Amino acid sequence: MSLPIRKLSQFPSVSASSVATLSLDELRGNAIHGIILEQGGTTFTKAHMTEIKVSVGGKSIIHGISGAQLQDLNDYDGLSATSDYVGIWFGDPTARTIFGQHLTDLDLSYYDQAGAVLEVTIGGATAPTLQAYAVLGPPKAAMGLRYSEADVAMTRALIRTVATPSAAVSKQSYSIGLGSSAGAAVRKIGMFHSNLTSVEYKKNGIAIHDDVSAALNSYLQAEFARVPQSGLYVLDHIVDANQGGADQTIDSRGRPFPMQVNLTTSAADTITVFADVRAALQLL
């Protein structure tokens, strides 16, 4: 299956210490596998992109991630890292099957009237330029992959939460946005930190990620060809790239599972958490 790449319209305004905003309405009728941001200018690095947001129908699906954080998540997945480009992937290029690869593409034929917007907050860059490209596919229902209507409605979202332990803590529970009350499936939980040493994840009171140290977590993930990053702990339900491993947040009757994310730190910390989930837009 070919993946066309379309150069998008120019951002109306790109400058330091401002927000560059681009409507994605020109992509209506297509499924977006990913958006590539190309940086240019005198000095414009990923660190200068302090917030990247994507919203559809007024709902934020990419929740204020920085360019450096986004690259770290891509690096963890084993995707390419170049100085002038960063990818916002809705689908999963690493998935084991074509079905899984496109399952979370953002389908703007299904969400045709919703209105999609990309926003990039730029910090202290020097004469920055910014160009966006879309990696596209046909509408998911037309791919011949037997997607159900529920599958077509699915997209990837990154839900942002910040946990701030004021001192060293041991298995301290924090409220992490997982989309659990709405029925999202959790693919990964990425935690950017300075002093996080282990994580416990409980579902229905049962530990399914049982106080796993950062060192052990990194070792296991490397065994599956992931690339652990310094200062990033990933609780990965699809470490083997099997999309079916995503953790369901509701039971067969539509009732939310009780879930806990328990953190252990060696000192005070500010932990920026991104829950990588798949869900229909109306359920986020």
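User: Happy to start with His63: which residues does His63 touch, not counting residues up to four places away in sequence?
Analyst: Good place to begin, and keep in mind that this is a predicted model. His63 sits in strand S5, which covers residues 59–65. With sequence neighbours up to four places away set aside, the residues His63 touches are Ile52, Leu158, Ile159, Arg160 and Phe274.

User: Is His63 buried, partly exposed or exposed?
Analyst: Buried means under 20% relative accessible area and exposed means over 50%, with partly exposed in between. The relative accessible area of His63 is 24%, so the label is partly exposed.

User: Moving on to Ser66, which backbone nitrogen does its side chain reach?
Analyst: Ser66 is placed in the loop between S5 and H1. Its relative accessibility is 13%, so Ser66 counts as buried. At 3.1 Å, the side chain of Ser66 reaches the backbone nitrogen of Gln69.

User: And which residues is Ser66 in contact with, leaving aside its neighbours within four places in sequence?
Analyst: Contact here means heavy atoms within 4.5 Å. Leaving aside neighbours within four places in sequence, the contacts of Ser66 are Met49, Thr50, Glu51 and Ile52.

User: How many residues of helix H1 are buried?
Analyst: Helix H1 runs over residues 67–76 and is mostly covered. Among its buried residues are Gly67, Leu70, Leu73 and Tyr76. Of the ten residues in H1, the buried ones number eight.

User: What is the phi of Gly78, which follows H1?
Analyst: Gly78 comes after H1 and its phi is positive. The value is near 85°.

User: Which residues other than glycine have a positive phi?
Analyst: Two such cases can be named here. Ala225 has a phi near 70°, and its place is in the loop between helix H4 (214–223) and strand S15 (232–236). A positive phi of about 70° is also found in a second residue that is not a glycine, in this case Ala241.

User: Is Ala241 buried or exposed?
Analyst: Ala241 is found in the loop between S15 and strand S16 (247–248). For Ala225, a relative accessible area of 59% means exposed. For Ala241 the relative accessible area is 9%, so the answer is buried.

User: Which residues does Ile176 touch, not counting residues up to four places away in sequence?
Analyst: Ile176 lies in the loop between strand S11 (172–174) and strand S12 (185–192). Because its relative accessible area is 11%, Ile176 is buried. The C-alpha atom of Ile176 is 8.0 Å from that of Val162, 14 residues away along the chain. Not counting residues up to four places away in sequence, Ile176 touches Thr161, Val261 and Val273.

User: What about Thr264: which backbone nitrogen does its side chain reach?
Analyst: Thr264 belongs to strand S17, residues 259–265. At 15% relative accessibility, it counts as buried. Beyond its neighbours within four places in sequence, Thr264 is in contact with several residues, including Val169, Asn195 and Asp211. The side chain reaches, at 2.9 Å, the backbone nitrogen of Lys171.

User: How many helices and strands does the secondary structure come to, and what share of the residues is buried?
Analyst: The secondary structure of the chain comes to four helices and 18 strands. Among contacts with a separation of 6 or more, 77% join residues 24 or more positions apart. Out of 284 residues, the buried share is 51%.

User: Last one: how far apart are the mean positions of the positive and negative charges?
Analyst: As for the surface, the chain exposes about 11,900 Å², and carbon and sulfur atoms supply 50% of it. The chain has 20 positive and 25 negative charges. The distance between their mean positions is 4 Å.

How values were computed:
Residues numbered from 1 in each chain as written. Predicted model: local features only at pLDDT ≥ 70, side-chain atom pairs only at ≥ 80, totals over all residues. Heavy atoms only, no water. Helix = DSSP H or I, 4+ residues; strand = E, 2+ residues; numbered from the N terminus. Buried < 20%, exposed > 50% of the residue type's maximum accessible area, 1.4 Å probe, protein only. Polar contact = N/O pair within 3.5 Å; in protein donor to acceptor, adjacent residues only side chain to side chain. Areas by Shrake-Rupley, 256 points an atom, 1.4 Å probe, with all protein chains shown as cover. Lys, Arg positive; Asp, Glu negative; His and termini not counted. Charge placed at Lys NZ, Arg CZ, Asp CG, Glu CD.
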